[in-house]
Amino acid sequence: MLEQELTLSARKEDKYSVITTEGYINNPGGEKIALACYQLMDQGCKHFILNFSQSKVINSIGISILIEIIEKVLELKGSLCFCGLTNTIAKTFRIMGLTQYTQIFSTEEEAIKALS
Amino acid sequence: MEDEVTLTIPMHHDMELEVTRIAASVAEAMRLDKDKIDEIKLALIEACLNAIEHSKSEEKKVHIKFKMIGDRLEIIIKDYGVGFDPSKIKEPKIEEKIKSPSKRGWGLKIMRSLMDSVVINSHKGGTKIVMTKRR
Ligand SMILES: Nc1ncnc2c1ncn2[C@@H]1O[C@H](COP(=O)(O)OP(=O)(O)OP(=O)(O)O)[C@@H](O)[C@H]1O
Ligand SMILES: [Mg+2]
């Protein structure tokens, strides 16, 4: 079970930051993503790309933490987008209406292009 | 032909992932495609998490049964907890959740959206969810 524990890496560019995760986006996983985003916000970052290509499973608690991050990003008048989602995770985000506030791109390159 | 796989899990952290592994094997054996298997996995995670988080079951177990009925996979998730009234659960709206201090309340909606059918049978003695997916 431990192999599913979420790990992440963050990369800060001039205009945006990319957070790449690996593993289960559950409660602790979501908290790790939130912490990384909030630290980047403290450094002035407003635009986020979340690359979930190595995260194949998610749960509703993890998603509710993502909604908290989206709320904070909106307060900052920034933006957040996802890339590398499985079809099912993308479908779930659409059903929930997350796409009203965020964009979904297939690849990180496409997300970066849209932000540049 | 009808085959069954049954399993019981303790209400521990991340046990829901073990259930999805078995679900994937069963669904692969039935030749469901990858996206359908992923949908089953997410729906099943939500059903198990609800039992773990909300049922207050004294035996602290979730019972899962996979029934392979022709081209249809039926999954039954059962707990012997306090139960709830699904008709009293409000449909979550993202516009409200984004401003509200509580962002939660999505599990049932996710299950219903990802499976072909979801039937909830709940009373004071516990909750039984029957969900199905066709090939
Ligand atoms: N097995 C269960 N036993 C008792 N109550 C349940 C059970 N499943 C669901 N409920 C009740 O239904 C409510 C709605 O469930 P739902 O999964 O939609 O949202 P949630 O679990 O509160 O939050 P989220 O799923 O977004 O993390 C729960 O808050 C709980 O009150
Ligand atoms: Mg739930």
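A salt bridge is taken here as a side-chain nitrogen of Lys or Arg within 4 Å of a carboxyl oxygen of Asp or Glu, and B:Glu74 forms one with B:Arg72, with the closest N and O atoms 3.2 Å apart. The structure is a predicted model, in which a search over all chains finds 15 salt bridges. Ligand 1 lies between chains A and B, and the area buried between these two chains is about 2,500 Å².

**Interface of chains A and B**

- The contact draws on 28 residues from chain B and 29 residues from chain A, and carbon and sulfur atoms give 65% of the buried area.
- On the side of chain B, the residues that lose the most area to chain A are B:Ile94, B:Ile98 and B:Lys103, which together make up 24% of what that side buries.
- Two salt bridges are counted between chain B and chain A, one of them joining A:Lys91 to B:Glu39, where the closest N and O atoms are 3.1 Å apart.
- Eight residue pairs are in polar contact across the interface, with both residues of each pair at pLDDT 80 or more.
- The elements of chain B that give two or more residues to the side touching chain A are α1 (15-29), α2 (34-54), α3 (94-97) and α4 (107-114), and the largest share, eight residues, comes from α2(B).
- By residue class, the side of chain B that touches chain A divides into 15 charged, ten nonpolar and three polar residues.

**A buried asparagine in chain A**

- A:Asn59 is placed in the loop between β3 (47-54) and α2 (60-75) of chain A, and because its relative accessible area is 2%, A:Asn59 counts as buried.
- Leaving aside residues up to four places away in sequence, A:Asn59 touches A:Tyr24, A:Ile25, A:Asn26 and A:Asn27 in its own chain, and B:Glu16, B:Ile45, B:Glu46 and B:Leu49 in chain B.

**Surroundings of ligand 1**

- Ligand 1 is surrounded by 17 residues, and the closest are B:Asn50, B:His54, B:Arg104, B:Gly105 and B:Trp106.
- On the side-chain level, an N or O atom of B:Asp79 is 2.9 Å from a nitrogen atom of ligand 1.

**Salt bridges within the chains**

- The side chains of B:Arg21 and B:Glu18 meet in a salt bridge with an N to O distance of 2.7 Å; these residues are three apart in helix α1 of chain B, so about one helical turn separates them.
- Both partners of that pair are partly exposed, B:Arg21 with a relative accessible area of 31% and B:Glu18 with 23%.
- In the pair named at the outset, B:Glu74 is buried with a relative accessible area of 14%, whereas B:Arg72 counts as partly exposed at 23%.
- B:Glu91 and B:Lys109 form a salt bridge whose closest N and O atoms are 2.7 Å apart, and this pair links distant parts of the chain, with B:Glu91 in the loop between β3 (72-79) and α3 of chain B and B:Lys109 in helix α4, 18 residues apart.
- Of these two residues, B:Glu91 is partly exposed at 44% relative accessible area, while B:Lys109 counts as buried at 17%.
- In chain A, a network of salt bridges links A:Arg11, A:Glu13 and A:Glu108.

Notes:
Residues are numbered from 1 along each chain as its sequence is written. Chains are lettered from A and ligands numbered from 1 in the order in which they are written. This is a predicted model: local features need pLDDT of at least 70, side-chain atom pairs count only at pLDDT 80 or more; totals for chains, interfaces and linings use all residues. Side-chain values use heavy atoms; hydrogens and water are left out. Contact means heavy atoms within 4.5 Å. Buried area is the accessible area (1.4 Å probe) that two parts lose on being put together, summed over both. A polar contact is a pair of N or O atoms within 3.5 Å; within protein, one must be able to donate a hydrogen and the other to accept it, and residues adjacent in sequence count only if both atoms are side-chain atoms. Helices (H or I, at least four residues) and strands (E, at least two) are DSSP runs, numbered from the N terminus. Ala, Val, Leu, Ile, Met, Phe, Trp, Tyr, Cys and Pro count as nonpolar, Asp, Glu, Lys and Arg as charged, and the others, Gly among them, as polar. Buried means under 20% relative accessible area, exposed over 50%, partly exposed in between (1.4 Å probe, protein chains only). A residue is near a molecule or strand if one of its heavy atoms lies within 4 Å of it.
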